[in-house]
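I shall begin with the overall fold and then turn to individual residues.

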Amino acid sequence: MLKLVSIVPFHCSDIAIPHVFYSLCKRWQGPNLYAHMVVPSCDATLRQPRMTEAVSPFLRWYYYKQGELPRKMAENLFLRKLQQFDAAYIWPGISLKTMQKARSFSKPIFLERVNCFTGLSKQILDEGYTQLGLKPTHQANLKSIRAELAEIELADFLLCPSQIVTQSFLDAGVPAYKLLTTSEGWSPERFSYLHEAKPVPKQRSDDFTAVFMGSDSIRKGLPTLLRVWEKANIRGKLVILGHLDPVVAELCSNTLSRTDVVVLNARPDYASYYLSADVFVLPSLEEGSPLVTYEAMAHGLPVLASPMGAGGIVRDGVDGFVIPAEAEDRWVETLVTLATDQELRQQMGESARQQAYEYTWDKVAARRANLMLNALNQQAIAC
């Protein structure tokens, strides 16, 4: 059995990156792979014997006033734990100093990647901001590129959530043997009304509804989507679920003020928007493999997405359409087709639903375990 200690260096909740971390590690209980989780702190509902918190729940209010102290405490705990385990599984956000110390144990290091290589992200986002006439304010910069390259040098393997992510690291010169292409997943238990063998219960109105989910507006391609929606002139509504960047709100104010565009902040009951939609749209400029795409497909929604937004899971022409974000005329034409062809939506939506059930966290965790074990076996043979 491979005994793995894994760390996510920020508070562990059941959303975003911590959700992926927790969903995978809690399923690795043997007989071939066992994972122990180290976190600064976690939601009370996630606590379990195979997770260790660095910060006492009773003193969390104090430690989180001390800047990076919770992260540093978690990293120190992780290094102590690593002595008792066979390998390390490190998630984004850990310090380079801790990566270097982990390397000194001479144990295999798996490094999780969420998005494409930072150098590619910077290039794509710089172009996206420039096309909008904006000064780039994203976090991808030369410092973060150098830091990622240093991490990669220290790691034995990188887990990449889609082929696009893998390709971005290949193009950056990372050796192919280090790159393990996998996927993200989704949790059926989050949606008690969903059943693999039964159709999705519908709550849709007579008007066509497209739904977009995402808060990083420019990276997620929201300005593109708003231009496409305006050109398509469809009878229906576009629902935007997520926090708007103020600069996008100002830049796109005319379209956002239309009566057929509805903007809502993220809400706990966001699942209801999957149920009320006819199609899911995500023209992302840069992504890894967005969880919302998996969930939308599980709800029987056809997906209209960029290659980044499709995340390696959407089959073009089967589960929806995968079209480059910059091909706006094709987006307009395809959106109109989906809006006017209910039979096509139903056919693609059912294909999407069936495809999604191949990516539940149970199945993804099993595939990832095999991938990691096989990589270590190949490494041992090579040595």
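Helices (H or I, at least four residues) and strands (E, at least two) are DSSP runs, numbered from the N terminus. What we are viewing is a predicted model, in which local features need pLDDT of at least 70, side-chain atom pairs count only at pLDDT 80 or more, and totals for chains, interfaces and linings use all residues. Residues are numbered from 1 along each chain as its sequence is written, and side-chain values use heavy atoms, with hydrogens and water left out.

Let me start with the whole protein. Its secondary structure consists of 16 helices and 13 strands. The radius of gyration, taken over C-alpha atoms, is compared with a globule rule of 2.2 Å times the number of residues to the power 0.38. For 383 residues, a compact globule would come to near 21 Å, and the protein, at 21 Å, agrees. Along the principal axes, the C-alpha atoms fill a box of roughly 60 × 50 × 50 Å.

I call a residue buried under 20% relative accessible area, exposed over 50%, and partly exposed in between (1.4 Å probe, protein chains only). Of the 383 residues, 56% are buried. A contact means heavy atoms within 4.5 Å. Among contacts with a separation of 6 or more, 64% are between residues 24 or more positions apart.

Now to backbone geometry. Most residues other than glycine have a negative phi, and most peptide bonds are trans. Asparagine 233 is not a glycine, yet its phi is positive, near 50°. This residue sits in the loop between α8 (222-232) and β9 (236-241), and asparagine 233 is exposed, with a relative accessible area of 61%. Alanine 16, also not a glycine, has a positive phi of about 55°; alanine 16 belongs to helix α1. Proline 31 is placed in the loop between α1 (16-25) and β2 (33-39).

I turn next to two residues with polar side-chain contacts. A polar contact is a pair of N or O atoms within 3.5 Å; within protein, one must be able to donate a hydrogen and the other to accept it, and residues adjacent in sequence count only if both atoms are side-chain atoms.

Is lysine 220 buried or exposed? Lysine 220 counts as buried because its relative accessible area is 11%. Lysine 220 lies in the loop between β8 (208-213) and α8, and its side chain makes a polar contact of 2.6 Å with the side chain of glutamate 287. Beyond its neighbours within four places in sequence, lysine 220 has contacts that include Phe212, Leu282 and Pro283. The C-alpha atoms of lysine 220 and alanine 325 are 9.9 Å apart, although 105 residues separate them along the chain.

Threonine 255, in helix α10 (residues 253-256), is likewise buried, at 8% relative accessible area. Its side chain forms a polar contact of 3.1 Å with that of glutamate 230. Not counting residues up to four places away in sequence, threonine 255 touches Leu226, Glu230 and Val261.

Finally, which residue in the loop between β3 (51-53) and α2 (60-63) deserves a brief word? That residue is phenylalanine 58, which counts as exposed because its relative accessibility is 72%.
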